[in-house]
Amino acid sequence: MAQVKLTTPLDETTVRSLKAGDEVLLSGTMYTGRDAVHKYLAGGGALPGGVDLSGGIIYHCGPVVSEKEGVYTITAAGPTTSIREEPYQAGVIEKFGVRGVIGKGGMGLKTLGACEKFGAVYLHAVGGAAQVYAACIESVTDVFFKEEFGGPEAIWVMQVKDFPCIVTMDSHGSSLHEEVQQDSLSKLKLALG
């Protein structure tokens, strides 16, 4: 396992060099996207001008944002549970060229298959570290769909520096989430005799 510094946009070769268990410090542009955005994009919705997910990162996050004189500041940016996006994520990865998804709790086999096929990774962020992640956000450069979907469900365009996460699903079919689940099931069966 390695610690890797990455800057967006990411290319396929770089992403395919990552392995489950690698620690990543991410810098560059990151886009938030939760349920409303994923459902909209998977249903044929278009990205607004100013959002380019090709080589990009989607962060499953509904940030806490304050605004003063037209300037947005994110005060908390913890990950939200990713599995809710499982019906949509593979299609979004394929259609828009997404290279990384950040969230908590992992995702399912459909997303893992898309990561393997299209060269993407799932990056796990630690729940309960909302202020730590907010401190990695240098600025908010834009916001889209705030009126349509509401603040937490909007696409927030953020510039981040050394945003820490761990590769838990790689582009080679490895999923630490699946491994933990299988190990837990084996131990449960053994315990139940």
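How far is the sulfur of Cys165 from the closest cysteine sulfur, and in which residue is that closest sulfur? Select Cys165 and Cys136 in this predicted model. The two sulfurs are 9.4 Å apart, which is too far for a bond, since a disulfide requires sulfur atoms within 2.5 Å. Cys165 is itself buried, at a relative accessible area of 5%.

Cys61 has a relative accessible area of 0% and is buried. Across the structure, the count of disulfides is zero.

**Helix α2 and His38**

Next, select residues 35-42, which form helix α2. Colour Val37, His38 and Leu41, the buried residues of this helix. Looking down the axis of α2, these buried residues fall within an arc of 95°, so they line one face of the helix. Now show what covers them: the cover includes β3 (57-59), α3, α6 (146-149) and β9 (155-169).

Zoom in on His38 in α2. Its relative accessibility is 1%, so His38 counts as buried. With residues up to four places away in sequence set aside, His38 touches Gly33, Ile58, His60, Glu85, Tyr88, Gln89 and Val92.

Step past the end of the helix to Gly44, which follows α2 and has a positive phi, near 105°.

**Helices α3 and α4**

Select residues 86-96 for α3 and 109-118 for α4. How do the two helices run relative to each other, roughly parallel or roughly antiparallel? Their axes come within 8 Å and cross at roughly 10°. Angles under 35 degrees count as roughly parallel, and α3 and α4 are therefore roughly parallel to each other.

To display the contact, show Glu86, Pro87, Gln89, Ala90, Ile93 and Glu94 on the α3 side. On the α4 side, show Leu109, Lys110, Thr111, Ala114, Cys115 and Phe118. By class, this contact is made of seven nonpolar, two polar and three charged residues. Gln89 belongs to the α3 side of this contact and is also among the residues that His38 touches.

**Around helix α6**

Move to Phe145, in the loop between β8 (137-144) and α6. Phe145 is not a glycine, yet its phi is positive, about 65°. Its relative accessibility of 13% means that Phe145 counts as buried.

Then select Lys146, which is in helix α6. Is Lys146 buried, partly exposed or exposed? Lys146 is partly exposed, with a relative accessible area of 28%. Apart from neighbours within four places in sequence, Lys146 is in contact with Glu67, Tyr72, Gly151, Ala154 and Trp156. For a distance check, pick the C-alpha atoms of Lys146 and Ser175: they are 33 Å apart in space, while the residues are 29 apart in sequence.

**Two further backbone stops**

Select Asp162 in strand β9. Asp162 is a residue other than glycine with a positive phi, near 50°. Its relative accessible area is 25%, and Asp162 is partly exposed.

Finish at Thr8 and Pro9. A cis peptide bond joins the two residues, with omega about 0°. Pro9 is placed in the loop between β1 (3-7) and α1 (12-16).

Technical notes: Residues are numbered from 1 along each chain as its sequence is written. This is a predicted model: local features need pLDDT of at least 70, side-chain atom pairs count only at pLDDT 80 or more; totals for chains, interfaces and linings use all residues. Side-chain values use heavy atoms; hydrogens and water are left out. Axes are lines fitted to C-alpha atoms, for helices over the stretch in contact, and angles run from 0 to 180 degrees between N-to-C directions. Helices (H or I, at least four residues) and strands (E, at least two) are DSSP runs, numbered from the N terminus. Angles under 35 degrees count as roughly parallel, over 145 as roughly antiparallel, 65 to 115 as roughly perpendicular and the rest as oblique. Contact means heavy atoms within 4.5 Å. Ala, Val, Leu, Ile, Met, Phe, Trp, Tyr, Cys and Pro count as nonpolar, Asp, Glu, Lys and Arg as charged, and the others, Gly among them, as polar. Buried means under 20% relative accessible area, exposed over 50%, partly exposed in between (1.4 Å probe, protein chains only). The arc is that of the directions from the helix axis to the C-beta atoms.
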